Amino acid sequence: MPSAPADLLKITGLAKRFRGGGGVSDVFFSVPAGAVTGFIGVNGAGKSTTLRCALGLLKPDAGQVSLFGAPFDLTARRRVGFLPEERGLFAHERARDAIGFHGRLKGMTRKEALASADRLLERVGLGARKNDRIASLSKGNAQRVQVLAAMVHDPELLLLDEPLSGLDPIAQSELLSLLAAFRARGGGILFSTHSLAAAESICDRVVMLSAGRTIFEGGVPDASALAPHGAIVVTADAEGLGTAAAMLGGHIVPVAGAMGEVARWRVVLPRHITHPVLIRALSERRVPIFAFEPIKPGLEGAFWHLAQSLPESRAA
Amino acid sequence: MTSPTWLIAEREFRTYVATLSFWVALALGPPAAGAGLMLAQNVQHPAEPSSIQVVSQNADLARDGKIALREAAMLEGRHLVFGGSGPSLTVRAVSPQLVELAFAQNFPLSDSGRALVARTLERDYARRTSGAAPLTVHQKASPASHRPDAAAVARFLSMLILWLTLTGSLGMLLQTVVRERATRALESLLAAAAPWQIMAGKLLGVGGVSLLILASWLGSSAALSLAVPEGGLAPAIIAELGRPELLLRAAVIYCLAYAFYGSITVALGAMARDSASAQNLARPMFASLVIVFFVALSTAMGGIPPAFSGLLYVPVFTPFLLLLHPVGAVSWAVELSILILMAAVSFPIAWFAVSRFELQENSPLLFRSKVPQG
């Protein structure tokens, strides 16, 4: 892997709007070498649009994309491995040929590409099935083959759009190990996912996207520290819940998912107020509690806190 | 390192070559060529002797006419039987030095054979009456002989082969474009190759498959023609098809026709959401090709009024009608202009097809939802 500047990918002020609505309006982040950067956002946040703009597949309306320290150009794409959200392989192809084809598209000779394909397939435990046709592989194995096709040419940067979707826990774990090995060799990874647990387990940094805008970029510990302290409470007595929270120095925020009169609320409390104190306060005011779930400190709590702090995203 | 265009072409080629239907198409070539050659030979060599009659008020002329007919028939490998109620040759003395021949419409001699009869009559008269004024024999204008002329048949065959090859290739091309959509493989491809490379790769790959089938069919025809007796129509057609100027012109026309119709097909395939919609979108194009075929067929049979000769300049018709014209029938400058016009029309279509391959909002090749996001 040749030496590369610290920031393999840098996106500044990216905007891409679509006629029917949606897209991204202010995206910025960078992907350093030797690190896994999680790209987090709900469906429709603009993750795939950003990745497509980063690779020049979509032309942005505004903003800059810098790949390997230089303005975007098509030849730089050869140094990138890409797993798109819309992915698939030709069913009739053999696993090693499908991977090898992508290697050759990225400039490898046939011999190099097939050798690399065989090596990667061995590594994920599919060596014995390298000559099987894609149609005969399970969905998870076919997806692993697709991920390997993105890595076959030993890229410096991997852009992976939801690489874990459709994989069982064992396959997810194997893939995460593969990514960890890639990082250890100095490669940079941008890894979009819905799975905040997976992001927490492998990512060094995270970029959070909400309603087409970057709402956070930084280390995982920094992001986790932004998670509020409190709980998700399901109740029909919003007034009583609000009064109890206010008495303890906190406040309540509605959470999507109301069921008739029963609604979900996020209770945000000062850090020194423990959950038993909140439960006692609710009990004293005879507030009916249908469910009580402490907010775990971590990316999930931080993400929801940050996303719902944005006026636009709240409206959305 | 190989260009993405060639890699994509290779993959498309291998995809089709790996199917059973390809080998069936390939295997059909030799038997079909054999059957065609046998039919062509039968046109030249009827199974039964042809019964004909010579009609003349002058017994000498009738005798000379029979002698001349025997000579011409022998050269054409025919067996004529005089008498009975077959098609007639009427020999009439218009003046002492002028004789008129009138062949019945279905008289079993080619145009050149009929001309030979006239020349033989003139020669024999000159031999008999040395020093006298020469005799002039002319043919009364009659409907063209039903016997096909090898050159015209060869031109028609080259048009037919183009039509068959093209319709087959366009079907394959449509499927290759839609397959990217069905397997959701396009975005991976676009991350490694430019849209024009993908389009060119598909055109070349499918074109290679068609070329292989075409070569197999033509090759087996040429090989089988060596086995049929000389002097018949089949070897004459093969010889015509093998003329370098005809081959070169046909190759140029084939390439332009494939680029023109191929670009339209790729654009239609790229606009489709699935296989069914691709077929619906392509229906008008295939219907046009059927119309084009019948127009070309009518032209070959002389059934198109001169007022429609302008169709030659309409790109949809150009390749087919041009192939039906004998080399040199249209001046080279006009022919070149027509071909340049067709190439010029193909460029914007190809550009449009490439633009359909680029990712854009609502691109049916890529996005399932209306707005690509998330």
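In the predicted model, A:Arg104 counts as buried, at 13% relative accessibility. A:Arg104 takes part in a salt bridge with B:Glu10, and the closest N and O atoms of this pair are 3.6 Å apart. The bridge runs between chains, from helix α2 of chain A, which holds A:Arg104, to helix α1 (residues 4-17) of chain B, which holds B:Glu10. B:Glu10 is partly exposed, with a relative accessible area of 27%.

This bridge belongs to the interface of chain B and chain A, across which 3 salt bridges are found. In this interface, 37 residues of chain A are in contact with 31 residues of chain B. The size of an interface is often given as the accessible area lost when the parts come together. For chain B and chain A, about 3100 Å² is buried between the two, and 53% of this area is on carbon and sulfur atoms.

A further salt bridge joins A:Arg52 to B:Glu187, with the closest N and O atoms 2.6 Å apart. A:Arg52 also forms a salt bridge with A:Glu85, where the closest N and O atoms are 3.9 Å apart. A:Arg52 lies in helix α1 (residues 47-54) of chain A, while A:Glu85 lies in the loop between β6 (80-83) and α2 (95-105) of chain A; the pair therefore ties together parts that are 33 residues apart in sequence. Accessibility was computed for both members of this pair. A:Arg52 is buried, with a relative accessible area of 2%, whereas A:Glu85 is partly exposed at 33%. Together, A:Arg52, A:Glu85 and B:Glu187 are linked in a network of salt bridges.

Over all chains, the count of salt bridges comes to 24. One of chain B's own pairs is that of B:Glu100 and B:Arg92, whose closest N and O atoms are 3.4 Å apart. Here the acidic residue, B:Glu100, is buried, with a relative accessible area of 12%.

The nonpolar residues were examined next. The largest nonpolar core has 99 residues, and those touching the most other members are A:Leu9, A:Phe29, A:Leu157, A:Leu159, B:Tyr261 and B:Phe320. The largest share of this core comes from helix α9 (residues 244-271) of chain B, with 12 residues. Apart from this core lies another, of 52 residues, which includes A:Val124, A:Val152, A:Leu179 and A:Ile215. The surroundings of A:Leu157 can be listed in part. Leaving out residues up to four places away in sequence, A:Leu157 touches, among others, A:Leu8, A:Leu9, A:Val31, A:Leu67 and A:Phe68. The residues touched by A:Leu157 also include A:Arg79, A:Val80, A:Gly81 and A:Phe182, as well as A:Gly188 and A:Ile189.

Cysteines were also considered. The structure holds 0 disulfides over all chains. A:Cys203 is buried, with a relative accessible area of 7%. B:Cys255, in contrast, counts as exposed because its relative accessibility of 53% is over the 50% cut-off.

At the level of domains, the assignment for chain A gives domain 1 (7-223) and domain 2 (229-295). The C-alpha centres of these two domains of chain A lie 40 Å apart.

Notes
Residues numbered from 1 in each chain as written. Chains lettered and ligands numbered in written order. Predicted model: local features only at pLDDT ≥ 70, side-chain atom pairs only at ≥ 80, totals over all residues. Heavy atoms only, no water. Domains from an automatic or database assignment. Disulfide = S-S within 2.5 Å. Buried < 20%, exposed > 50% of the residue type's maximum accessible area, 1.4 Å probe, protein only. Core = buried A, V, L, I, M, F, W, Y, C linked by side-chain atoms within 4.5 Å. Helix = DSSP H or I, 4+ residues; strand = E, 2+ residues; numbered from the N terminus. Contact = heavy atoms within 4.5 Å. Buried area = accessible area lost by both parts, 1.4 Å probe. Salt bridge = Lys/Arg side-chain N within 4 Å of Asp/Glu carboxyl O.
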